[in-house]
Every structure is written in structure tokens, then in C-alpha cells.
Protein chains: 2
Amino acid sequence: MEADKSLVSGSMALLVLKLLEDGDKYGYQMTSELKARSEDVFHLKAGTLYPLLHTLEEKGLVTAYEREAAAGKPRRYYHLTKEGQAVLREKEAAWHTYADAVGRVLRGGACSAGT
Amino acid sequence: MEADKSLVSGSMALLVLKLLEDGDKYGYQMTSELKARSEDVFHLKAGTLYPLLHTLEEKGLVTAYEREAAAGKPRRYYHLTKEGQAVLREKEAAWHTYADAVGRVLRGGACSAGT
DNA sequence: AGTGATATATCGAATGCCTATATAAAAGGA
DNA sequence: TCCTTTTATATAGGCATTCGATATATCACT
């Protein structure tokens with residue numbers, strides 16, 4: 001199943017940062033892992049990912065380095081910086097706040113009389 | 001606490017539709033209820049809400065009617081149509097799919113320590 | 001008379017993501 | 001050999017969503 005594209009945005013940075021917490025990764029790897037870990041919900045496109053990675057690099061949240069692959073083009077690996085880790089924690093907290101609030105609204109139909 | 005604005009978008013339609021499941025409501029009331037029910041996480045602005053309501057009306061998801069208030073300007077009430085209810089259920093399902101997927105990624109994905 | 005809350009409405013700007021496109025190398029089939 | 005798919009990175013253009021600023025109008029309180 002695929003997520004409604006209009007439902008959420010701005011969370012890709014959070015997810016990419018989270019992937020890098022696991023260890024350094026290159027772009028193409030992130031798209032595959034995100035697809036696998038989300039069970040086919042997230043289809044992070046190249047046209048979304050690479051500009052996002054460049055932005056994260058400009059902000060100092062990740063650093064990049066190239067490494068030759070056994071075959072094919074050299075891969076550009078990304079590494080999560082300390083700043084990136086801090087931002088990741090902020091974004092995780094913000095996500096939980098937001099998701100909990102949506103949950104309250106979606107479940108809270110009956111309690112409208114209260115307070 | 002306030003949700004990171006860049007974190008999510010496109011969910012306002014879902015939340016507004018959900019509010020109307022409870023019963024007919026007018027715009028200003030929706031902003032207050034959403035703020036209360038989300039415990040101050042959602043600050044739905046007038047500049048967001050009214051264009052959104054007009055769009056929902058064009059799509060046939062809600063209908064509108066005016067009713068005089070005891071005092072002040074006449075209020076424009078919105079009613080959830082059957083189509084609106086159907087779309088609401090779709091959007092609720094999409095939200096759960098999305099939120100669950102984010103949860104999976106944030107908890108360490110598929111290949112970490114078991115469940 | 002002035003301020004703030006109630007109540008609806010529109011416009012311009014910013015942001016975020018996607019589609020389409022381009023480049024390049026290796027693997028596999030016809 | 002040629003062609004398509006997969007791997008791999010990258011940019012430009014465009015659409016959708018939301019907010020801030022602004023406008024109008026009535027009522028309550030001072």
C-alpha cells in the first residue's frame with residue numbers, strides 16, 4: 001500500500017537522518033532501505049533524496065565522502081554529524097508530539113464535552 | 001508545544017473532516033476545537049481553514065448552510081456528506097498506514113533487535 | 001470611542017515533494 | 001554486438017499545502 005502523497009511532507013529529512021543513525025550509507029542504498037523498512041510505504045525518489053542530502057550537508061547535519069565500489073560508479077557516502085544527531089532527536093520528538101495529537105483527534109470524537 | 005510545521009502537511013483536510021463527523025460545525029468553532037482536542041498542537045489558521053473548506057465543498061465532501069447566531073455575524077455551518085465520510089475513512093486508513101511506517105523506521109526498522 | 005474576541009474571507013509567499021530528464025557503468029538476454 | 005534493466009548520482013520545472021498579512025463586520029467590556 002502506498003501513502004497518500006498529500007498526507008504528509010517534511011518528514012523525509014527525519015527518516016533519512018534516522019537511517020544514517022544506523023551507520024554511513026549512500027543515496028541509492030537509502031531509497032532501498034527506506035522502502036524495505038517501511039514495508040513499501042515510502043518511495044523516496046532520487047529527485048527528492050539528492051537535493052535533500054545536499055541541503056542536509058549545507059546545514060552541517062551530515063558530511064559526505066566518496067568511496068570506490070567493487071563495480072560501477074564510485075559511491076557517495078553520508079555520515080551523520082553530532083549536530084545531525086541533535087536535530088534527529090528534535091525531529092523525532094516533534095513527530096511523536098504530532099502523531100499523538102492526530103491520534104487524539106481521530107479517537108477523541110466522543111470527548112468533545114469535556115473541559 | 002507546537003508541532004514542527006515542516007514535519008507534516010496535507011493532514012488538515014483529514015482533521016477537519018474528522019471534526020465534522022461529530023456533527024455540523026462552523027469555521028471558527030473548528031479552529032477552537034482542533035486546538036483543544038490536540039492539546040494546543042494544531043493551530044489551524046483562518047487563512048488555511050476557509051480556503052480548505054471551500055475546496056472540500058467543491059469536491060462535494062461537505063455542504064454549507066448559514067444560520068443566524070443569537071448575536072454577531074451569521075455563522076456558516078458545514079455538514080459532512082456521504083462522500084465526505086468515505087473520503088474520511090480513506091484518509092484515516094492512509095494516516096494509520098503512514099504513521100505505522102514512520103514508527104517502524106524510527107524503532108530501528110526490520111533488521112535490528114527483534115520486535 | 002477604543003480594544004479585543006468572534007466570524008468569515010482572499011492574496012502573496014514560502015516550503016516540500018514529485019516528474020521528467022541527463023549522465024554513466026555493469027549485468028543479462030537476444 | 002546491441003539493447004534493456006539495475007545500480008548510482010544529479011538538476012530543472014512544476015504542483016500542492018500552509019502560513020502571514022490584510023480586510024470586513026458585530027458584539028462585549030471599559
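In the predicted model, helix 1 (residues 12-21) of chain B has eight of its 10 residues buried and is therefore largely enclosed by the rest of the structure. Here, buried denotes a relative accessible area under 20%, exposed one over 50% and partly exposed a value in between, with a 1.4 Å probe and protein chains only; helices (H or I, at least four residues) and strands (E, at least two) are DSSP runs numbered from the N terminus. The buried residues of this helix are A13(B), L14(B), L15(B), V16(B), L17(B), K18(B), L19(B) and L20(B). G23(B), with a positive phi near 145°, follows the helix.

Residues are numbered from 1 along each chain as its sequence is written, with chains lettered from A and ligands numbered from 1 in the order in which they are written. Local features need pLDDT of at least 70 and side-chain atom pairs count only at pLDDT 80 or more, whereas totals for chains, interfaces and linings use all residues; side-chain values use heavy atoms, with hydrogens and water left out.

Over all chains, 19 salt bridges are found, a salt bridge being a side-chain nitrogen of Lys or Arg within 4 Å of a carboxyl oxygen of Asp or Glu. One of them joins K18(A) to E92(A), with the closest N and O atoms 3.3 Å apart. This pair links distant parts of the chain, since K18(A) belongs to helix 1 (residues 12-21) of chain A and E92(A) to helix 4 of chain A, 74 residues apart. K18(A) is buried at 8% relative accessibility, and E92(A) is buried at 14%. A network of salt bridges links K18(A), E21(A), R89(A) and E92(A). Another salt bridge in chain A is formed by K25(A) and E33(A), at 3.7 Å from N to O; K25(A) is buried at 5% relative accessibility, while E33(A) is partly exposed at 23%. In chain B, the side chains of R76(B) and E57(B) form a salt bridge at 3.8 Å, N to O. R76(B) lies in strand 3 of chain B and E57(B) in helix 3 of chain B, so this bridge ties together parts 19 residues apart in sequence. R76(B) is partly exposed, at 33%, as is E57(B), at 29%.

The whole structure contains nine aromatic pairs over all chains. Rings of Phe, Tyr and Trp (its six-membered ring) are paired if their centres lie within 6.5 Å, and planes under 30 degrees apart count as stacked, over 60 as edge-to-face and the rest as tilted. The Y26(A) and Y77(A) pair is edge-to-face because the ring centres are 5.3 Å apart and the planes stand at 70°. Y26(A) lies in strand 1 (residues 25-26) of chain A and Y77(A) in strand 3 (residues 75-80) of chain A, so the pair ties together parts that are 51 residues apart in sequence. Y26(A) is buried at 17% relative accessible area and Y77(A) at 13%. Between W95(A) and W95(B) the pair is tilted, at 5.9 Å centre to centre and 35° between the planes. W95(A) lies in helix 4 (residues 82-107) of chain A and W95(B) in helix 4 (residues 82-106) of chain B, so the pair joins two chains. W95(A) is buried at 3% relative accessibility, and W95(B) is buried at 3%. Ring pairs link F42(A), W95(A), Y98(A), F42(B), W95(B) and Y98(B) into a cluster.

A phosphate oxygen of DNA strand D lies 2.7 Å from a side-chain N or O atom of Y50(A), and another listed distance, from a polar side-chain atom of K45(B) to a phosphate oxygen of DNA strand D, is 3.0 Å.

Around DNA strand C there are 24 residues, the closest being G10(A), T48(A), Y28(B), Y50(B) and R75(B). Sugar and phosphate make up 67% of the atoms of DNA strand C that come within 4 Å of the protein. Helix 3 of chain B contributes the most to the surface near DNA strand C, with five residues. A polar side-chain atom of Y50(B) lies 2.8 Å from a phosphate oxygen of DNA strand C.

How values were computed. A polar contact is a pair of N or O atoms within 3.5 Å; within protein, one must be able to donate a hydrogen and the other to accept it, and residues adjacent in sequence count only if both atoms are side-chain atoms. A residue is near a molecule or strand if one of its heavy atoms lies within 4 Å of it.
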